[in-house]
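Let's take a walk through a protein together. Keep the model open beside you and find each residue as we reach it.

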Amino acid sequence: MLAVKNYKFWFCTGSQDLYGEECLKNVAEHSRIMVEKLNASGILPYEVVLKPTLITNELIRRTFNEANTDEECAGVITWMHTFSPAKSWILGLQEYRKPLLHLHTQFNEELPYDTIDMDFMNENQSAHGDREYGHIVSRMGIERKVVVGHWSDPAVIGRIASWMRTAVGVVESSHIRVMRIADNMRNVAVTEGDKVEAQIKFGWEVDAYPVNDIIESVQAVSESDTNALLDEYYDRYEILLEGRDPEEFRRHAAVQAQIEIGFERFLEEKNYQAIVTHFGDLGALKQLPGLAIQRLMEKGYGFGAEGDWKVAAMVRLMKVMTAGMKDAKGTSMLEDYTYNFTKGKEGILEAHMLEICPSIADGPIAIRCKPLSMGDREDPARLVFTSKEGKGIAVSLIDLGTRFRLIINDVECHKTERPMPALPVATNFWTPQPDLGTGAEAWILAGGAHHTAFTYDLTAEQMGDWAAAMGIEAVYIDKDTKIRDFKRDLMVGEIFYRNR
Ligand code: MN
C-alpha cells in the first residue's frame, strides 16, 4: 500500500480566565484525561495530541497558525469547556486552513445531582460555551464538522474517527498526482473536465506523459524480475488455462508482470499516485494493462480507464481515506455495465474491460487470458473474481462546465443469482438505493458518469463532508431519495453554487 503520513489531530480546549486558576487547572486536567482515553479507545485511526488550553486571542491565533504549518497535523478538534468569548477566535479561525471538528461534549456524563452548585455550573458549561463558539464559526461561514455527545461514548468516538478519515482526505487531496499516459477517449463527454479548476479546487496535479516514455520503463524490466513476479502470480492466483497451452498462457501473464513492474517504477520515480490509460492508445504495449493495473490499484494507486483522470484521482483519494483500516473490504474503479431488471432481483452488473481492483474480491481470484475486441492487441491476462456482499458507496465527480458536482449513491452489493462462467472479467453486482428505478433515475438526472469510484469502507457522509470542505456540491442518492425532492436539491445546488 502506498504510504500515507502518520497524521495527528490537535485537541484544543477553549476557556477564559474569568473563573480563576483553580478552574483552569481543572479544565486542563479534564482535557488531558479525555485525550488519553480517546487515544486508548482503539477506535481512532489517528492520534489526538493535547494542546494547552486556549484563553487569549494571541494564543488561539498562534496555535491555529502552528497547525497550518505542522505537516503532520491533519486537523484541529475544538471544544469549549467553559464559556470562551468567541471574538477571541476570529483571527485564529480566519487564518486556519485545515479541517476543523467541533466536539460538543462535556467532561461529566451525568448531572451530579447531590453536589451540583454554581461553581460546578461555571466550570462545566460547554452547553453554553460551545454555542457561543459555534455562532462565530457559522457567522464566518467556515466549513466544520459538529459532533455531539459524551466523549466516552463509542458512537461519538466513532464519529470522530470517521471525520478523521475525511480530514486526511482533505489534507491529502493536494498530494494526489495523476499520470495520464493517454488522452480522453474520443467524443466521450463525461470523462472530460477542467484540470486547472481541479487543481484549484482539489489540489490535484494531472499531467500527461507520452505512452512511449512509460513503455521504455516497461521494456527495461529484466527477465528475472518479471519471472519472480510471475511466480508470485502463479502462487497466489488460480490459473484458468481454458484450453490454452500452459507455456503460451505464461507468456501472456508475463507481459502483465513486466507492465506492472515497469509502470510502478515509472510512477514511483516521477511521484505519481494515480494513473490513466486508454485501450485506444497503447503504443508498443503488447496488451492492454489489465492484471498489471488491477495489482497497482490493490497497492493503493488510483486508476481511471479511457483517460478518466477524475475517477483515477477519486479512487486514489478513497484509498487514502481508508488507509490502514482494520477489516477493510476494498475500493475500486467500476463501471455500470448492464442491468438485471427481473422483479425483486434488480441490480446493476458492475465491471470493466479488465481493470477492477482485487481488494473488493470475495473468494478465489483467477487469472484468465481472453481476447479483447477493443484495443487491437494480444489477449490480455486479467484477474477474475466476484465481489463481497454488503453496503458500499458509488461516487461520481462530474464537471458541469462552470463547476464540479459529486454524486454519492448508497448501494447494496450482492451475489448474482447465478454464476456467469462465460464472462471473463471481475464483477460486482449491486442494487442502488433506494431501488434500481429511483436510484438510476436520480443518477441520470444529476448527470452521473458510467465510471464510478466505489468503496465498501466509507460512508456518504464522509464523502459529502469532503466535498463540502472542497467547496463543491454533493448530492446524495440513498434510502430517503424521492425524485421530486432530489430535483429540488439539484435546483438549490444550481443557485447556491452558480457563482462559486
Ligand atoms: Mn470504461
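Leaving aside its neighbours within four places in sequence, L406 is in contact (heavy atoms within 4.5 Å) with M314, V395, S396, L397, M463, W466, A467, I472, E473, A474 and V475. L406 belongs to the largest nonpolar core, which has 62 residues. Such a core is a set of buried Ala, Val, Leu, Ile, Met, Phe, Trp, Tyr and Cys residues joined through side-chain atoms within 4.5 Å; buried means under 20% relative accessible area, with a 1.4 Å probe and protein chains only. Together with W204, F263, M314, M463 and W466, L406 touches the most other members of this core. Helix α12 (residues 309–321) gives the most to the core, with 9 residues. Another core lies apart from it, with 30 residues, including Y237, F249, A426 and W430. In soluble globular proteins, nonpolar side chains tend to be buried together.

A word about what you are looking at: this is a predicted model, in which local features need pLDDT of at least 70 and side-chain atom pairs count only at pLDDT 80 or more, while totals for chains, interfaces and linings use all residues. Residues are numbered from 1 along each chain as its sequence is written, and side-chain values use heavy atoms, leaving out hydrogens and water.

Now find the manganese ion. Which residues are its protein donors? They are E306 (OE), E335 (OE), H352 (NE2) and H451 (NE2), lying 2.1 to 2.2 Å from the ion. Donors here are N, O and S atoms within 2.8 Å of the metal (3.2 Å for Na, K and Ca); water is not among the atoms, so sites may look incomplete. Along the chain, the donors follow the spacing E-x28-E-x16-H-x98-H. E335 sits in strand β11 (residues 331–340), and H352, 17 residues apart from it, is in the loop between β12 (347–351) and β13 (361–369). Both E335 and H352 are buried.

Next, go to K98, in the loop between α3 (90–95) and β4 (100–104). K98 is buried yet has no salt bridge, meaning a side-chain nitrogen of Lys or Arg within 4 Å of a carboxyl oxygen of Asp or Glu. The nearest side chain of opposite charge, D70, is 5.8 Å away. The side chain of K98 does reach the backbone oxygen of D70, at 2.7 Å, and one of its polar atoms lies 2.8 Å from the backbone oxygen of A67.

Why does P380 count as buried? Because its relative accessibility is 1%.

Terms used:
Helices (H or I, at least four residues) and strands (E, at least two) are DSSP runs, numbered from the N terminus. Buried means under 20% relative accessible area, exposed over 50%, partly exposed in between (1.4 Å probe, protein chains only). Lys and Arg count as positive and Asp and Glu as negative; His and the chain ends are not counted. A polar contact is a pair of N or O atoms within 3.5 Å; within protein, one must be able to donate a hydrogen and the other to accept it, and residues adjacent in sequence count only if both atoms are side-chain atoms.
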